[in-house]
Amino acid sequence: MTSKTPAPAVRTGAATVYGYPRQGPNRELKKAVEGYWKGRVGADTLRETARDLRRANWQQLADAGITEVPTGDFSYYDHVLDTSVMVGAVPARHRAAVAADALDGYFAMARGTQEVAPLEMTKWFDTNYHYLVPELGPDTVFTADSSRQVAEFEEARALGHTARPVLVGPVTYLLLAKPAPGVAAGFDPLALLDRLLPVYARVLADLRAAGAEWVQLDEPALVQDRTPAELNAAARAYRELGGAADRPRLLVASYFDRLGEALAVLAKTPVDGLALDFTGAAAANLDDLAAVGGLPGKRLVAGVVNGRNIWINDLEKSLGTLGTLLGLAGSVDVAASCSLLHVPLDASAERDIDPQVRRWLAFARQKTAEIATLARGLARGTDAITAELAANRADLASRARSCVTRDPAVRTRTAAVTDADGRRSRPYEQRAGAQRARLGLPLLPTTTIGSFPQTAELRTARADLRAGRTDTAGYEDRIKAEIREVLAFQEKAGIDVLVHGEPERGDMVQYFAEQLTGYLATQHGWVQSYGTRYVRPPVLAGDVSRPDPMTVRWTTYAQSQTAKPVKGMLTGPVTMLAWSFVRDDQPLADTARQVALALRDEVHDLEAAGTCVIQVDEPALRETLPLRGADHAAYLSWATEAFRLTTAGARPDTQIHTHMCYAEFGDIIGAIGDLDADVISLEAARSHMQVAGELSGAGYPREVGPGVWDIHSPRIPSVEEAAALLRKGLGAIPAERLWVNPDCGLKTRAWPETRASLENLVEAARRVRAEA
Ligand code: GLN
Ligand code: ZN
């Protein structure tokens, strides 16, 4: 085999993907990894399970007609962590563990140990996947370890597959990194690029030597707004890697949005191909590509099948796009827009979904078939895929016509919405007076965010109900007993605005999705959230309405047990969308408006039942922010409108609360004002009340509860610690508008620290009240 860079090959119509769900059909990987952690599964067995899963995935891809399979996308935990290992960026605190045992050291970086903290985890762009943040500093020394990449490539090749290793690209890797602990916050990891490039060049050369013809470098960070310096770094990186001798052909992949300015930058480098997303907002890549004169002589991999949603493709439309692209590049291949990691494995496993509706769904397995069909159509003409096109046309038509997707009553109602529907009947100042009179709360009122500890017993009760081991009456008695206990504790602790504790909710989105029309639940639709944690997002398939009240009986039951006000608790429209698979056949804004109207009915019914405080949680408002700044305003406009549509029908003396977590609110401070909520509680303990200052700086006029207890850890804040945070809050928000609460819901906490912490919070409020 020659180690020279191969001559460019022009061919069109390969079918490929960038990554595939890792867990296996029955979450075998989760079981093996967790078994390994518990010492029940040996390292060899874990490795064997992983190898079997990779082999099965490649075979499944090949059988579906994928002609070029990815390697290196598999991971025991996270592919960004794997990249840190590949470039030798192991934090000092984990080095001993890694030296003692590579696998245990790897998991120590991912999860921490008794002695050392793990790497920080954060969201992968605007998906619900979380990666481990590389920690770098001026002293970081990179060293190449291509062993895993080479081994997996060789594994696939030995099985007879044409394989393409996939790596996180060097620019994205650095842009996702943060300064290591102890390094000045001003340190820019991108400054390490020149040190990192030789390491990537080494890995590429090793892969070439192993026989890799193409290697993919993922640069999704380039779809975000980038400074000229960052774009220059990208240009430099790919000039250098493209200029190396003995390299494989390089395919630079981007996804999740349009490449924008980075497109022209990358097109000018000596890389051999680009992979672009052509779905959703990223469809703008088509015009951008034409504007830069296309990619003559280069390979274009066209992501025309949406890799992060679960709907069937419009094959004719995609063929149209592919046809246009043929004139713009040396060769055109077909792919999903991004790794299929973000979708569940197989829609055909969903036996409980109406077969007619199931035909509209495409999970990873169905998507690979679509990609293969499109590639065949592209290479051989549409005559080669007539049957597939006819079936696709019929499925799309059935979806468009169905009474699931189109409910005339919902459409009439949404069309009739006016601006006035999204405005409270009185301005905040008047509402605040009316609420004060009705609620009679002390200065610095105390409350919680909604959930109380979800004990194993509660989860068992829910599982028993689902399995038919308990009847509804038995289950409801159990929930009521829990509510009484939660209320009794809050009364005793002296909390001012009580909650019922949300014991009836397994998940804050799923609970509502199960009761709204238009939502489907899946049985096996697991997607990786992080590590071995998988979630099963509901599918928002059709027009949304609320046939019956969803929370009223629990809230009123709780209120019947106490003289103090009990907060009604709802999940807001944006969060209902963000943590679901949403429909792609209408603008998100329209879907949000439907959900908002359904929730508005719930607000109305709660109010009619005597509830005087209602909280509408929007923890996902910030995370759904589009990747490009130019798109922020349009998003925030419909998102805040949906919140107001949910809440604005409330009487002036009904106090509307909202809640958000995730410590950075800088980008949405203005939008928080546009919600027009009477009270907002926010995560603030870890950032030392930063958000209170940001809100007051922006002239925020309403009430604020910046969290004074970081609930992400079992640590109990002392009275003085909470009081100090409150005093800090008072520096920004006047006492008449400051609330006292934890950072977030308590469902992941245990009772002992919950009791102690809340008692301390109440005491801190008393102490600071006395000083005021
Ligand atoms: N009310 C919810 C709870 O307390 C809010 C959760 C959240 O913000 N993620 O659990
Ligand atoms: Zn929260």
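So, Thr-517 stands opposite Ser-545, which belongs to strand β16. Strand β13, residues 517–520, pairs with β16 in the antiparallel sense over 3 bridges. By pairing I mean that DSSP finds at least two bridges between two strands. And the names are DSSP runs, numbered from the N terminus: helices are H or I with at least four residues, strands are E with at least two.

Quick housekeeping. This is a predicted model, where local features need pLDDT of at least 70, side-chain atom pairs count only at pLDDT 80 or more, and totals for chains, interfaces and linings use all residues. Residues are numbered from 1 along each chain as its sequence is written, while chains are lettered from A and ligands numbered from 1 in the order in which they are written.

Buried is 20 or more other C-beta atoms within 10 Å of a residue's own, exposed is 12 or fewer, partly exposed is in between, with C-beta atoms placed from the backbone.

Now the sheets. One is an open sheet of 8 strands, in the order β1-β12-β11-β10-β9-β8-β6-β2, with parallel pairing. Its edge strands, each pairing on one side only, are β1 (15–16) and β2 (69–71). Inside that order, β10 (273–277) and β11 (295–305) share 5 bridges in the parallel sense, and Leu-276 sits opposite Ala-302 in β11.

The other is an open sheet of 5 strands, β17-β18-β19-β20-β21, again with parallel pairing. At its edges are β17 (567–571) and β21, each pairing on one side only. Within it, β19 (655–660) and β20 (679–682) pair in the parallel sense over 4 bridges, and His-657 has Val-679 in β20 as its bridge partner.

UniProt, in an unreviewed entry, puts the feature "active site" at His-712. A caution there: UniProt positions are in the numbering used here, feature names are shortened, and annotations may be inferred rather than shown by experiment. With 14 other C-beta atoms within 10 Å, His-712 counts as partly exposed.

Last stop, ligand 1. Which residues are closest? Of the 13 that surround ligand 1, they're Ile-449, Gly-450, Ser-451, Pro-619 and Gly-745; near means a C-beta atom, placed from the backbone, within 6 Å.
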